[in-house]
Amino acid sequence: MGESNQPPDAWETPQRILIILAHPDDPEFFCGATLAKWASQGHHLSYGLLTCGDKGTKDRSLSSSDLCSIRQQEQRAAASIIGVEKVNFLNYEDGYLIPDLKLRRDVTRMIRMERPDVLVTCDPQYFITPSDRLNHPDHRAAGQVVLDAVFPAARDHLNFIELWRDESLEPHIVREVWVSLTDRPNVILDVTPYWETKIRSLLEHKSQIGEPDKFFERMKNAHTQDSTTEQPRYEEKFRRLILG
Ligand SMILES: [Zn+2]
């Protein structure tokens, strides 16, 4: 079988995969079925969440710090259903994420500590969805700061020299970046066997999904247009970049 027949995630050895996104629930919403597949194949997954989602409520009795701890718990429960080994929070303030140099240094530190083969983030250029909804500004900021940290900051020791000099964090080359939540995919994975796991993990985000039965139905109905409710097929899409 030729190289081109191999799916793009047919890695021969267990990969270290780091997922860096803005909010608790982003990993599961954007690509949870793919992550569940990778975990079940023996790859080592860890999450880096830039915020704890401390503004994502309409409940006026909840403070941001209450919501922060609720959402961290929900994220840990969802991650354990996916099979993620480690969840880290940077606890930047939800809604106000800016891809500045302080955040870039923190993300660079995370990359140099985790030393992933494969890194998953989202598309900083995705403003408007196909159904004319607005993408959250934190998602765009997260995508931008993560890509800027991958290249060149994590790779070159003179970038944030204090990480190397004072914290002994060696430079690191990320081999592949998988950009989720994009309208310019170059990889489309059939993730049907893992859709159930994705839904189960999302159901852990109780503060976010509304009425669980309705949410479950909506997710079941998110099958491809060329499939049916009786025999549904589900996909997740990425822009895959090979850097190393
Ligand atoms: Zn989000």
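Which residue in β7 is the bridge partner of D190? The partner is E235.

First, the ground rules. This is a predicted model, in which local features need pLDDT of at least 70, side-chain atom pairs count only at pLDDT 80 or more, and totals for chains, interfaces and linings use all residues. Residues are numbered from 1 along each chain as its sequence is written, and side-chain values use heavy atoms, with hydrogens and water left out.

Start with the overall inventory. The protein has 7 helices and 7 strands. Both are DSSP runs numbered from the N terminus: helices are H or I with at least four residues, strands are E with at least two. Read from the N terminus, the elements follow the order β-α-β-α-β-α-β-α-α-β-β-α-α-β.

Next, the overall dimensions. The C-alpha trace spans about 60 × 55 × 35 Å along its principal axes. The radius of gyration is 18 Å, which agrees with the value near 18 Å for a compact globule of 244 residues. That radius is taken over C-alpha atoms, and the globule rule is 2.2 Å times the number of residues to the power 0.38. Of the 244 residues, 45% are buried. Buried means under 20% relative accessible area, exposed means over 50%, and partly exposed lies in between, with a 1.4 Å probe and protein chains only. The accessible surface comes to about 12500 Å², and carbon and sulfur atoms hold 50% of it. Areas come from the Shrake-Rupley method with a 1.4 Å probe; for residues, only the protein chains shown count as cover.

Contacts reach along the chain. Take those between residues at least 6 apart in sequence: 78% join residues at least 24 apart. Contact here means heavy atoms within 4.5 Å.

Now the sheet itself. It is open, has 7 strands and mixed pairing, and its order is β3-β2-β1-β4-β5-β7-β6. Two strands pair if DSSP finds at least two bridges between them. The edges are β3 (86-92) and β6 (187-190), each of which pairs on one side only. From one strand to the next, the twist averages 25°. Helix α2 (residues 64-82) packs on the sheet. There α2 touches β2 (44-51) and β3, and its direction makes about 155° with that of β3. Axes are lines fitted to C-alpha atoms, for helices over the stretch in contact, and angles run from 0 to 180 degrees between N-to-C directions.

Follow β7 (residues 235-242) through its partners. With β6, β7 pairs in the antiparallel sense over 4 bridges. I188 has K237 as its bridge partner there. Strand β5 (residues 176-180) also runs antiparallel to β7, again with 4 bridges.

Turn to the metal. The zinc ion has H23 (ND1), D26 (OD) and H139 (NE2) as protein donors, at 2.0 to 2.2 Å. Donors are N, O and S atoms within 2.8 Å of the metal (3.2 Å for Na, K and Ca); water is not among the atoms, so sites may look incomplete. Along the chain the donors follow the spacing H-x2-D-x112-H. H23 sits in the loop between β1 (16-21) and α1 (26-40), while H139 sits in helix α4 (residues 137-153), so the pair ties together parts 116 residues apart in sequence. Both histidines are buried: H23 has a relative accessible area of 6%, and H139 has 10%.

Three further buried residues deserve a stop. D123 lies in the loop between β4 (118-122) and α4, with a relative accessible area of 3%. Beyond four places in sequence, D123 contacts V179, S180, L181, T182, D183 and R184.

H205 is in the loop between α6 (195-203) and α7 (212-220). Its relative accessible area is 0%.

I82 belongs to helix α2 and is buried at 3%. Residues touching I82 include E28, L45, Y47 and S201. The C-alpha atoms of I82 and K198 are separated by 7.3 Å, though the two are 116 residues apart along the chain.
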